[in-house]
Amino acid sequence: MSSRTTISRIAALGGLSTAVLLAATACGAGGPAATPGSAASTVNVLVEAGGHAELTGIAEQCKKDTGVDVNFVELPYDGMFNRLSSEFSSGNVSFDVAALDSVWLPSFKDAVQPIDELFTDDAKKDIFPALVKEANVDGHFIGMPAWTNSEIILYRKDLFEDAKNKADFKTKYGYDLAAPTTWKQYQDISEFFTKDGMYGTDVKGGVETEWLAHVLQAGSPMVLDANNNVVIDNAAHKEALDFYTSLAKSAPPGAAQVDWAAAQNLFNQGKTAMTRFWAHAYRQIPKDSPVAGKVGAAPMIGGTAGVAGVPGPWYLSVPKATKNSDAAKKFVKCAYDHNDLGIESSLGLAARISAFEKYQDKPGYESFKPLIETLKGQATATRPATAKWQQIVDTVLVPLLQKAVAGGDSTALLADAKKQIQDLLK
């Protein structure tokens, strides 16, 4: 979920606002600047377009609990990164808390404060392991997870439960038609439903996340190992790439150009029987969609290393340069304490295990159990901790995948990608 194609960009698909300033108080853009040594009761929170909704209820509750008002400044993804870079570089910040995409943590690690005191033993037990690991940079926790997501499997229950489909599938493949629990089953089901103008699945050449999930499932770190060595040409990456591209025969044509938006539209329009997609999309299927009320959810499938997804978390961090640290940390703690309130928002996500568990048995939240299982997966891991990650995604990984799904030689493509990444990291 490149970060640009994770939660933030999918949020836009659901009709959330973009580049709009929203405020929980009457303060103007940027809010009032605190003077050195002051204990301002208003914190300015910088968020990416779409992320504001996840924190609105939390801000209201924080006001009740602590008296701290929250002024949200909402910016588009690229604009937010640029603003963060500019203000952190200058040493003068107009915000007290920033919601950071996980891939930004390495870039801004020296500009934000440790918040180790918030990561109690109980807190760490209630945050998915991959997120606890990612939040700790150079021995200190520098961001509290605010919300996260992962791809799971969405499938057409009506097609899977159809008596004729069930009989025909068993006759052809020798086992019952059901939500797949192995990749062989996923291949078979994809093949079975590719007929009469429908396709069994999609293949997203425009994004790298699904391929990298397969890499984790095959037992390798993604692209870079723990020592920052480039391992993209190892056997696991090739195995994952070959498998992923093999599904193109059961996917709509033009896979090289299919991205999240295209894949979501294909599924919601009834053109694909299955899709691997971010869990929140389950609750965003339009009521007038031909598949509304006909969709089931299942966990991501595992490989030899176990179940693995690539989470798309965002973290709340406190800049070192803020003059309002105490109130800022109170808000971050409020966001943890009342994390479940994010589920009531339009995007409907949280970061705490208990928050998802609170809703998992409620009607309409059937995607949460598969999401929890995937995020707890043995091989689930966040993206490599390098400030160059987004550049690697945009200039190497996506072009590689587009060429691969179009029939390119995987061995040659991976070898070339290794050289490109090594050059970027110099």
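What follows is a chat about a sheet and some helices in a predicted model.

Me: Before we start, what are the ground rules for numbering and confidence here?
Reply: Residues count from 1 along each chain as its sequence is written, and side-chain values use heavy atoms, with hydrogens and water left out. As this is a predicted model, local features need pLDDT of at least 70 and side-chain atom pairs count only at pLDDT 80 or more, while totals for chains, interfaces and linings use all residues.

Me: OK, the sheet. What's the strand order?
Reply: The order is β2-β1-β3-β12-β6, an open sheet of 5 strands with mixed pairing. Strands here are DSSP runs of E, at least two residues, and helices are runs of H or I, at least four, numbered from the N terminus. Two strands pair if DSSP finds at least two bridges between them.

Me: Which strands stand at the edges?
Reply: β2 (69-75) and β6 (144-147); each has a single partner strand, so one side of each is left without a neighbour in the sheet. On average, neighbouring strands are turned by 30° against each other, direction ignored.

Me: And β1 with β2, parallel or antiparallel?
Reply: Parallel, over 7 bridges, with β1 covering residues 42-48. Val-47 stands opposite Glu-74 in β2.

Me: Which strands does α2 touch?
Reply: Helix α2 (residues 52-66) packs on the sheet against β1, β2, β6 and β12 (314-317), and its direction makes about 170° with that of β2. Contact means heavy atoms within 4.5 Å. Axes are lines fitted to C-alpha atoms, for helices over the stretch in contact, with angles from 0 to 180 degrees between N-to-C directions.

Me: What about α3?
Reply: α3 touches β1, β2, β3 (97-101) and β12, at about 130° to the direction of β1.

Me: Which α3 residues are buried?
Reply: Tyr-77, Met-80, Leu-84, Glu-87 and Phe-88. Down the axis of α3 they fall within an arc of 105°, so they line one face of the helix. The arc is taken from the directions from the helix axis to the C-beta atoms. Asn-82 and Ser-89 are exposed on the other side. Buried is under 20% relative accessible area, exposed over 50%, partly exposed in between (1.4 Å probe, protein chains only).

Me: Switching to α8, what's buried there?
Reply: In α8 (residues 163-173), Asn-165, Phe-169 and Tyr-173 are buried. Their arc is within 35°, so they line one face of the helix. These residues pack against α7 (157-161) and α9 (183-193).

Me: And what comes just after α8?
Reply: Gly-174, with a positive phi of about 85°.
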